[in-house]
Amino acid sequence: QETNAQIDDFCTGDGDTLECADKLKVNRHSGLYSFTLKQLEGVQVGHVQDVSLEDGTILKLKTLSMKPLLFEIRGFLSSLECAHLMSLASSQGLEESLTVRTDGMKSSSVKLLDINSDQRLSVNEIEKAVFENSITWIETIIYYFFIISRFLYTECYQGVSFITPEELQQIDVNDLTNYLSAFAKIHPIKQSRYSKQSWLYPDSSTDDVFRQIQNRVIEVTRLPPVMIKKSDFQVVVYDEGGHYNAHQDSDTSSSVPCCTQKRRTNCRICRFMTVLFYLNDVTEGGGTAFPVAGNDTYDEQELRVKHLINLQQSCDEANLIVQPELGKAVIWYNHHVDESTGWIGAMDVMSWHGGCPVIRGQKWIANFWIKYADDKEAFLADE
Ligand SMILES: O=C(O)CCC(=O)C(=O)O
Ligand SMILES: [Fe+2]
């Protein structure tokens, strides 16, 4: 009985209960969901499909890339809705966006910078990475920090020629964090991300416009409603010079389980899908770049060596750039679907993306964080 109630919650809307139950392939007797997650069909780049909404509106879903599976819908939001979200975020207050990651990245970064694969980093290797800007700002600072502290302690640059992964692990994270925030204040533009943001949490939001947008996203993505209802919503503003270096939206940096709650320790936020809206027209710049979209092969080392992550420098070299336009939605999958579990599978490594520098004007975006937890059934049953 309890399970039936959960299923009914899950299938919202009039008349679609049967279809919904069918889609979920719910076995009401055993109480098990054998729900299979589905991605939208891309067909091929340039393909346009109509999406009919309940209110009669027809949206045009256009495939921009098959790898990653990426779509755009122009006019997804009306200008009134955009203006509403912008004023909502402004009235809540906008804070500087921070992307300081201090765990799980050091040893992998070491591997990527270790040009001659001798398991340690020479000062030359670090300097090469720093000066060629092939690593993100935050990593650069970690190395600088390490070199400086070594320099201070030994009073002599010579002889300090190697940093091992073990040594990197010993950096005092508190010192580093203080150093980073001081640096960030002096050189905001050097951060891997330079923007302001505000959050809208669905569980505490009573905003009607936000609800309507949530429902539209459910209709378009055809994801289980609970998935959208649990999605936090982030409004981001970039001023001139604002940017966001290429990154992947889902956190695969550690092996702790995926969760959806904020501030829970020992779990990470994983994002199946990203739905990004442009809330205004940008005078110049500010596109969303997908540096490796459509490539046949993926090589992270190459991505870094070619500086493709540093979008302050190499936006023009990105394979694909989506231009901002008021009301447009960009939709992509950060993960594949695992056929055997019917739930979220491996990360789509082609989903690297970021925001190119805004050259003139301001850029406002809003962003659904469509998250999931590892336990499919518990996630779907949860309210
Ligand atoms: O600003 C953009 O176009 C991209 C933003 C983004 O990737 C993000 O907020 O995760
Ligand atoms: Fe992103």
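Residues are numbered from 1 along each chain as its sequence is written, with chains lettered from A and ligands numbered from 1 in the order in which they are written.

**Confidence**

- The average pLDDT of the protein is 78, and 65% of the residues score at least 70.
- The model has an ipTM of 0.99 and a pTM of 0.76.
- Residues 25-32 also keep a pLDDT under 50, and the model has 10 contacts beyond four places in sequence for them.
- Where pLDDT is low, the predicted coordinates should not be read in detail.

**Overall make-up**

- The protein has 13 helices and 22 strands; helices (H or I, at least four residues) and strands (E, at least two) are DSSP runs, numbered from the N terminus.
- Of the 383 residues, 35% are buried. A residue is buried if 20 or more other C-beta atoms lie within 10 Å of its own, exposed if 12 or fewer, and partly exposed in between, with C-beta atoms placed from the backbone.
- Among contacts between residues at least 6 apart in sequence, 76% join residues at least 24 apart.

**Nonpolar core**

- The largest nonpolar core has 63 residues. Such a core is a set of buried Ala, Val, Leu, Ile, Met, Phe, Trp, Tyr and Cys residues joined through C-beta atoms within 7 Å.
- The residues with the most contacts inside this core are V275, F277, L279, A329, I365 and I370.
- Leaving aside neighbours within four places in sequence, I370 is in contact with L223, M227, I228, S231, R271, F272, M273, T274 and V275.

**Shell around ligand 1**

- The residues around ligand 1 are V236, Y244, D249, T288, H353, G354, G355, I365 and N367; a residue counts as near the ligand if its C-beta atom, placed from the backbone, lies within 6 Å of it.
- Two or more residues of this shell come from each of β20 (353-355) and β22 (363-371), and β20 gives the most, with 3 residues.
- By class the shell has 3 nonpolar, 5 polar and 1 charged residues. Ala, Val, Leu, Ile, Met, Phe, Trp, Tyr, Cys and Pro count as nonpolar, Asp, Glu, Lys and Arg as charged, and the others, Gly among them, as polar.
- I365 belongs to the shell and is also among the residues with the most contacts inside the largest nonpolar core.

**Strand pairing**

- An open sheet of 5 strands has the order β7-β10-β20-β15-β16, with antiparallel pairing; two strands pair if DSSP finds at least two bridges between them.
- Its edge strands are β7 (193-194) and β16 (320-322), each of which pairs on one side only.
- β7 is joined to β10 (residues 243-247) by 2 bridges, and R193 stands opposite Y244 in β10.
- Elsewhere, 2 bridges join β4 (residues 95-96) to β8 (residues 196-200) in antiparallel fashion, with E95 opposite Q197 in β8.

**Individual residues**

- H335 lies in β18 (residues 335-338) and is buried because it has 25 C-beta neighbours inside 10 Å.
- H335 and P68 are 267 residues apart in sequence, with their C-alpha atoms 8.9 Å apart.
- P68 sits in the loop between β2 (58-66) and β3 (69-73), and the peptide bond from K67 to P68 is cis, with omega near 5 degrees.
- T221 lies in α9 (residues 208-221) and counts as buried because 22 other C-beta atoms are within 10 Å.
- R222, in the loop between α9 and α10 (225-229), has a positive phi near 55 degrees.
- R222 is exposed, with 12 other C-beta atoms within 10 Å.

Terms used. Predicted model: local features only at pLDDT ≥ 70, side-chain atom pairs only at ≥ 80, totals over all residues. Contact = placed C-beta atoms within 7 Å. pLDDT = per-residue confidence, 0-100.
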